[in-house]
Amino acid sequence: MKHFGKLLLAFSVLFISCEGDPGPPGFDGLDGLDGESLLGTVFETPAINFNQGNDFSASFDFPTNFEVFESDAILVYLLEDVTGDGNGGEADIWTPLPQTFFLNEGTLLYSFNHTFFDVALFLDGNFDLSLTPDGFTQNQIFRIVVVPAEFGQASNVDLSNFSQVMKAMGKSEIDIIKMTREQ
């Protein structure tokens, strides 16, 4: 048994200390989870007027030259308000959906669903939606963010913060694609 242990030790040292020729270099990977240069696309809807005629909903097709994969994460943000930025300018306040508001009329919910070819935005509530104040139904603007599934799993990005999502994707206002009803 002593000889077996010595033999095993000798083989272990031999294999651990051996070094062969280095292999060929691999391909460069895509950055992303470190918060830099992450692929993603941001769309902005035109102003939407929710009413009984459109059943308090609106749908938008992704452009035909843009591919959304079933595994992509879709995030939607509502332009809730505009405020001063402290430097004499303005700053948009983007709120992630779904979003609930408690009104005198009852509870109002902005929500969405999606496929890999479109996004549907809609209002829901526990009251007659035709009683919803105009400030919640008229001229509503949304931003739709399409990101790879891995992005949603990155623990260092607050998905409820539109500015952080944009920064993590390396996007700015000029990168936002304006949508129309007929894409």
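Among contacts in the chain between residues at least 6 apart in sequence, what percentage join residues at least 24 apart? The value is 63% for this chain, which is shown here as a predicted model.

**Figure 1. Overview of the chain.** The predicted model has a secondary structure of four helices and nine strands. From one end of the sequence to the other, these elements follow the pattern α-β-β-β-β-β-β-β-α-β-α-α-β. The chain has 183 residues, of which 32% count as buried.

**Figure 2. The open sheet of five strands.** The strands of this sheet are arranged in the order E4-E3-E8-E1-E9, and their pairing is mixed. Strand E4 (90-96) and strand E9 (177-178) form the edges, each pairing on one side only. Within the sheet, strand E3 (residues 73-84) and strand E8 (residues 142-147) are antiparallel partners, joined over six bridges. In general, the strands of a sheet pair through backbone hydrogen bonds, and they may run parallel or antiparallel.

**Figure 3. A network of salt bridges around Arg143 and Glu44.** Salt bridges link Glu44, Arg143, Glu173 and Lys178 in a network. The count of salt bridges comes to three.
- Arg143 and Glu44 form a salt bridge in which the closest N and O atoms are 2.6 Å apart. Because Arg143 lies in strand E8 and Glu44 in strand E1, the pair ties together parts that are 99 residues apart in sequence.
- Glu44 also forms a salt bridge with Lys178, with the closest N and O atoms 3.0 Å apart. Glu44 belongs to strand E1 and Lys178 to strand E9, so this pair ties together parts that are 134 residues apart in sequence.
- Arg143 meets Glu173 in a further salt bridge, at 2.9 Å from N to O. Here Arg143 in strand E8 is linked to Glu173 in the loop between H4 and E9, and the two are 30 residues apart.

Side chains of opposite charge can pair when their charged atoms come close.

Figure 4. Glu173 has a relative accessibility of 49% and so counts as partly exposed.

**Figure 5. Helix H4 on the sheet.** Helix H4 (residues 162-169) packs on the sheet and touches strand E1 (41-44), E3, E4 and E8. The direction of the helix makes about 40 degrees with that of E8. Phe162, Val165, Met166, Ala168 and Met169 are the buried residues of H4. Seen down the axis of H4, these buried residues fall within an arc of 165 degrees, so they line one face of the helix. Ser163 and Lys167 are exposed on the other side of H4.

**Figure 6. The two ends of helix H4.** At the start of H4, Asn161 places a side-chain oxygen within 3.0 Å of the backbone nitrogen of Ser163. Just after H4, Gly170 adopts a positive phi of about 70 degrees.

Figure 7. Leaving aside neighbours within four places in sequence, Ile93 is in contact with Leu78, Leu79, Glu80, Asp81 and Thr83. The C-alpha atoms of Ile93 and Asn161 are separated by 9.6 Å, although these residues are 68 residues apart along the chain.

Figure 8. Ser111 is buried, because its relative accessible area is 14%. Not counting residues up to four places away in sequence, Ser111 touches Leu97, Pro98, Ala120, Leu121 and Phe122.

Notes:
Residues numbered from 1 in each chain as written. Predicted model: local features only at pLDDT ≥ 70, side-chain atom pairs only at ≥ 80, totals over all residues. Heavy atoms only, no water. Pairing = 2+ DSSP bridges. Contact = heavy atoms within 4.5 Å. Axes fitted to C-alpha atoms, helices over the stretch in contact; angles between N-to-C directions. Salt bridge = Lys/Arg side-chain N within 4 Å of Asp/Glu carboxyl O. Buried < 20%, exposed > 50% of the residue type's maximum accessible area, 1.4 Å probe, protein only. Arc of directions from axis to C-beta. Polar contact = N/O pair within 3.5 Å; in protein donor to acceptor, adjacent residues only side chain to side chain.
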